[in-house]
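Me: I would like to learn how to read a group of aromatic rings in a protein model. Could you take me through it step by step?

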Amino acid sequence: MAPTATTTTTGEQQQHPRKAVGLAAHDASGHLSPIRILRRSTGDDDVAIKVLYCGICHSDLHTIKNDWKNAIYPVVPGHEIAGVVTEVGKNVAGFAAGDRVGVGCMVNACRACESCEEGAENYCARVVLTYNSRDRDGAVTRGGYSDMVVADARFVVRFPDALPLDAAAPLLCAGATVYAPMRRHALGAPGSHVGVIGLGGLGHVAVKFARAFGAGKVTVISTSPAKREEALERLGADAFVLSTDAAEMKAAAGTMHGIVNTASAAASLHPYLALLKPHGKMILLGIPDKPLQVSAFALIGGGKTLAGSCMASISETQEMLDFAAEHGVAADVEVIGAGEVNAAMERLAKGDVRYRFVIDVGNTLKAD
């Protein structure tokens with residue numbers, strides 16, 4: 001199928017004259033089809049990147065389906081972008097043509113607020129997301145389901161040589177999203193017992209990082225008995241708790257120092273908080289479409305902490321990639337061609353992926 005044209009204004013064409021091709025959803029059906037898009041010229045502070053791989057995040061599915069009621073169609077998703085530098089602006093000193101680089105969940109921020117000044121641009125109130133957002137020039141951002149991107153060098157990270165780009169692409173979202181709060185809250189400290197709720201794109205990487213941090217015990221908590229063998233045999237978890245089994249949950253009560261909650265289901269948190277030791281912490285990473293239920297007594301009784309975390313800063317993302325390369329951590333991926341993306345979305349909606357789809361953009365997404 002030949003790429004279709006996208007609507008542009010004269011002003012956008014002047015600011016974004018570089019032609020590219022991508023995969024876009026045009027309505028809430030979420031069906032992705034080829035589209036011609038425009039990218040900006042490489043500015044003085046920019047890096048132009050040939051996209052080789054892009055991971056498929058569950059956020060992509062939510063956005064193209066307009067589940068969060070914020071889609072700006074046509075949507076070109078993708079914020080797990082891995083590729084090589086093709087051009088750098090005159091002010092860019094840290095990157096050169098041929099470098100293996102990535103772009104994660106954000107591409108800009110205000111750079112002046114307290115969060116930005118503290119290096120926590122992921123919490124900037126004016127953060128610009130990699131796609132389905134408006135950049136500072138007013139243009140809608142387009143993601144990595146495309147053959148090239150142009151990004152400010154401050155929002156570009158470097159892949160160590162030890163990381164394969166296909167398996168490392170999901171680390172830019174899934175990896176960074178679990179790594180940053182685990183480090184910040186000392187989940188996975190040597191000798192500690194860490195629980196991971198949900199064994200999907202985020203959960204399987206959380207298990208790997210917990211092991212790499214030196215946790216004394218890693219337990220996967222899931223509603224699916226089919227995940228038991230996956231957790232124990234494939235990912236190396238020490239234990240598995242079936243959350244629908246009252247006996248297993250009771251046996252694990254009060255044993256965990258911390259829990260990484262990657263589940264996106266809106267369920268009561270009370271039975272999961274009961275798994276924590278006094279002063280234990282649960283970090284919320286999943287985004288349910290309905291409010292969560294939590295009893296005040298479930299927190300107060302044991303002096304427990306319930307916290308949230310969103311993405312990761314650029315410095316945390318680079319630190320995570322360096323750590324992953326040193327300890328051999330990467331995502332388990334299923335690499336697909338651009339023509340398979342709609343089927344992959346259908347499978348993702350059913351949870352039928354182990355554990356991240358990655359699009360082979362460089363070899364399969366072509367202009368006519």
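**Reading an aromatic cluster**

Reply: In this predicted model, Y179, F209, F213 and F323 form one aromatic cluster, and the structure holds 6 aromatic pairs.

Me: How is a pair of rings described, and what is the arrangement of F209 and F213?

Reply: A pair of aromatic rings is described by two things, the distance of the centres and the angle of the planes. For F209 and F213 the centres are 6.0 Å apart and the planes lie at 20°; because planes under 30 degrees apart count as stacked, this pair is stacked.

Me: Is F209 buried or exposed, and is F213 buried or exposed?

Reply: Buried means a relative accessible area under 20%, so F209, with 0%, is buried, and F213, with 10%, is buried as well.

Me: Which residues of α6 and α11 meet?

Reply: From α6, the residues F209, A212 and F213 meet M320, F323, A324 and H327 of α11. The residues of this contact divide into 6 nonpolar, 1 polar and no charged.

Me: How do the axes of α6 and α11 cross?

Reply: The axes of α6 and of helix α11, residues 314–327, come within 11 Å and cross at roughly 70°, which makes α6 roughly perpendicular to α11.

Me: What sits over the ring of F323?

Reply: The charged end of R183 sits there, 5.0 Å from the centre of the F323 ring, and F323 is also one of the residues of the aromatic cluster.

Definitions and conventions:
Residues numbered from 1 in each chain as written. Predicted model: local features only at pLDDT ≥ 70, side-chain atom pairs only at ≥ 80, totals over all residues. Heavy atoms only, no water. Phe/Tyr/Trp six-rings, centres within 6.5 Å; stacked < 30°, edge-to-face > 60°. Buried < 20%, exposed > 50% of the residue type's maximum accessible area, 1.4 Å probe, protein only. Lys NZ or Arg CZ within 6 Å of the ring centre and 35° of its normal. Axes fitted to C-alpha atoms, helices over the stretch in contact; angles between N-to-C directions. Helix = DSSP H or I, 4+ residues; strand = E, 2+ residues; numbered from the N terminus. Parallel < 35°, antiparallel > 145°, perpendicular 65-115°, else oblique. Contact = heavy atoms within 4.5 Å. Nonpolar A, V, L, I, M, F, W, Y, C, P; charged D, E, K, R; others polar.
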